[in-house]
Amino acid sequence: MNLTEMKKTVADATGLSQADADKAIKASFAAIQDALAGGATVQLPGFGTFSVGERAARTGRNPQTGAEIQIAASKSVKFKAGKNLKDALND
């Protein structure tokens, strides 16, 4: 499913116009992004939990030359599916 299909699905399910559904979806994604950028965890009961994970700095290798390179520490998004989502996938 892409964003266009999601807009149509949300619009049909809620009775909103596709433009309003687009605004709602984008606002939801922005709220999740802002919360994660601030270091918070986002819990959506029944769906899942988004959190920020830390990756330590490490030494890697350039696959073309075999030379060692330093890979900087970084943050990444973790997602843990909720019970309702898991159950929906396994039915």
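**A friendly note on this predicted model**

1. Strands, like helices, are DSSP runs numbered from the N terminus (strands are E, at least two residues; helices are H or I, at least four). Residues are numbered from 1 along each chain as its sequence is written. This is a predicted model, where local features need pLDDT of at least 70, side-chain atom pairs count only at pLDDT 80 or more, and totals for chains, interfaces and linings use all residues, while side-chain values use heavy atoms, with hydrogens and water left out.

2. Now for the confidence. pLDDT is the predictor's confidence in each residue, from 0 to 100. The protein averages 95, and 100% of the residues score at least 70. Confidence is highest in β1, at 97, and lowest in helix α3 (residues 83–89), at a mean of 94.

3. β1 (residues 42–44) and β2 (residues 48–55) run antiparallel and are joined by 3 bridges; two strands count as paired if DSSP finds at least two bridges between them. Together β1 and β2 make a hairpin with 3 residues between them, and Gly46 in the turn has a positive phi of about 85°.

4. On to the next pairing, where β2 meets strand β5 (residues 74–81) in the antiparallel sense over 8 bridges. Along this pairing, Val52 stands opposite Val77 in β5, and Arg55 has Ser74 of β5 as its bridge partner.

5. Which order do the strands take in the open sheet? The 3 strands are arranged β1-β2-β5, with antiparallel pairing. β1 and β5 are the edge strands, each pairing on one side only. The twist averages 25° from one strand to the next, taken between axes that are lines fitted to C-alpha atoms (for helices over the stretch in contact), with angles from 0 to 180 degrees between N-to-C directions.

6. Do look at helix α1 (residues 3–14) too. Its 12 residues should span 16 Å at 1.5 Å a residue, and this agrees with its end C-alpha atoms, which are 16 Å apart; the expected span is 1.5 Å times one less than the number of residues. Asn2 caps the N-terminal end of α1, with a side-chain oxygen 3.1 Å from the backbone nitrogen of Thr4. Just after α1, Gly15 takes a positive phi of about 85°.

7. Leu89 and Thr41 are 48 residues apart in sequence and 24 Å apart in space, C-alpha to C-alpha.

Definitions and conventions. Polar contact = N/O pair within 3.5 Å; in protein donor to acceptor, adjacent residues only side chain to side chain.
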